[in-house]
Amino acid sequence: MLPGLPLIESPLFPSFVADMDLSESERTVAEDLYRRGYAVIDFPDPTIAERIDRIKNRLAPMFAINMEDPDAVMPEGDLRIQDAWQQDEDVRAIACNTQMIDLLSKLYGRPAFPFQTLNFPVGTQQHMHSDSIHFSSLPERFMCGVWLAMEDIGPESGPLIYYPGSHKWPIVSNEMLQISRENEPRNAPQAPYEPIWRSLIEQAGIEGETFHARKGQALIWLANLLHGGSTRTDLRRTRWSQVTHYYFEGCTYYTPAYSEPAPGRIDTRHILNIATGDMMPNMVLGKVVPELMPPEPILQKKPLWRRLRRRLIGKGRPRKTG
């Protein structure tokens, strides 16, 4: 066993999967994740259809969507609501579904917990990407996503697209590309990595697959699986969905796009466990990170007043003089 790797990402997985005490359906999910990097399931909630309808009706006005007009052209752009679980109990219930959490915990070998939700009314058309640039962990790969279809999704609405097997490729990093992003603005976190992802796909000769989902189906994907949104060819079509991102206990949680681990510049995240409301400590080898990492000023963020002052100046507020 390699405890620093998720069970389903371990190269030794075929040798111990029979001993993981999985049901037949759980083993199918585990083997799909190991081979392809994703697995499709029916979301394990007998009331999921009713939850979905309530969520859509509550969120539609926030996107200026008229649910009564099926021929209306939908808004364009990257429309999303992050962390709607804070106000919407149905969004939270989906994220905290105990059967999903138990399944992920079995498959990874560590307790899973939800830390972020995203709700979308239409297809994102987002460039393919690996979540390992946005959210990662030490040890690596202890993160995954669950994408829930909140309606039947056809090819015209810009379905989710993913590249089977890409989860096994090396995780693209700043060190691999020999770039430093310490002082960059954070409005385009994945842009520097997109050319290499395209080159990797071209070199491998693999085709993207699209998820023409039924309402209530969910797709689990591993941290390094390349995925994105395909083109919306009918702007009248919605593509309601919810994404929940999960981490696993006993890790350090950070943003690789703006980190340089070797000199100790790690953009750590302060992660809340949605299910319990607890802040999750950043851990390395069973110890809290501050016990192991360099002291200030490397990890110390700028004082709050400096961050607020910079934000106000950036909005055009005049500087004080004298």
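**Close-up views of a predicted model**

View 1. The model shown here and in the following views is predicted. Asp83 belongs to the loop that links β2 (81-82) and α4 (89-95). Its phi is positive, at about 60 degrees, although Asp83 is not a glycine.

**View 2. Gln125, a partly exposed residue with positive phi.** Gln125 is not a glycine, yet its phi is positive, at about 55 degrees. The residue is placed in the loop between β3 (112-120) and α6 (131-134). Is Gln125 buried or partly exposed? Its relative accessibility is 37%, so Gln125 counts as partly exposed.

**View 3. The cis peptide bond at Pro139.** The bond joining Leu138 to Pro139 is a cis peptide bond, with omega near 0 degrees. Pro139 occupies the loop that runs between β4 (136-138) and β5 (143-149).

**View 4. Helix α5 and its two ends.** At the start of α5, the backbone nitrogen of Gln99 has a side-chain oxygen of Asn97 within 3.1 Å. Helix α5 comprises residues 98-108, and its buried residues are Met100, Ile101, Leu103, Leu104, Ser105, Leu107 and Tyr108. After α5 comes Gly109, which has a positive phi near 85 degrees.

View 5. Strand β5 is mostly covered, with 7 of its 7 residues buried. In a regular strand, side chains alternate between the two faces of the sheet. In β5, Met143, Gly145, Trp147 and Ala149 point one way, while Cys144, Val146 and Leu148 point the other way; all are buried. Strand β10 (residues 241-248) runs antiparallel to β5 and is joined to it by 7 bridges. Opposite Trp147 stands Val243 of β10. Strand β8 (residues 217-222) also pairs with β5 in the antiparallel sense, over 5 bridges.

**View 6. The open sheet β7-β6-β9.** This sheet is open and has 3 strands in the order β7-β6-β9, paired antiparallel. Strand β6 (residues 160-162) and β9 run antiparallel and are joined by 3 bridges. Leu160 has Gly229 of β9 as its bridge partner.

**View 7. The largest cavity and its lining.** A search of the whole structure finds 2 cavities of 30 Å³ or more. The largest cavity holds about 50 Å³ of space. Which residues line the largest cavity? The lining consists of Ser130, Ser166, Trp169, Pro170, Ile171, Val172, Trp197, Leu200, Asn224 and Leu226.

View 8. For the protein, the average pLDDT is 87, and 87% of the residues score at least 70. Over residues 294-322, pLDDT stays under 50. The model has 13 contacts beyond four places in sequence for these residues. Where pLDDT is low, the predicted coordinates should not be read in detail.

Definitions and conventions:
Residues numbered from 1 in each chain as written. Predicted model: local features only at pLDDT ≥ 70, side-chain atom pairs only at ≥ 80, totals over all residues. Heavy atoms only, no water. Helix = DSSP H or I, 4+ residues; strand = E, 2+ residues; numbered from the N terminus. Buried < 20%, exposed > 50% of the residue type's maximum accessible area, 1.4 Å probe, protein only. Polar contact = N/O pair within 3.5 Å; in protein donor to acceptor, adjacent residues only side chain to side chain. pLDDT = per-residue confidence, 0-100. Contact = heavy atoms within 4.5 Å. Pairing = 2+ DSSP bridges. 1 Å grid on protein atoms, 1.4 Å probe; cavity = no way out; pocket = protein on both sides within 12 Å on 5 of 7 lines; lining within 4 Å. Points joined across faces, edges and corners; volume = space filled by probe spheres on them.
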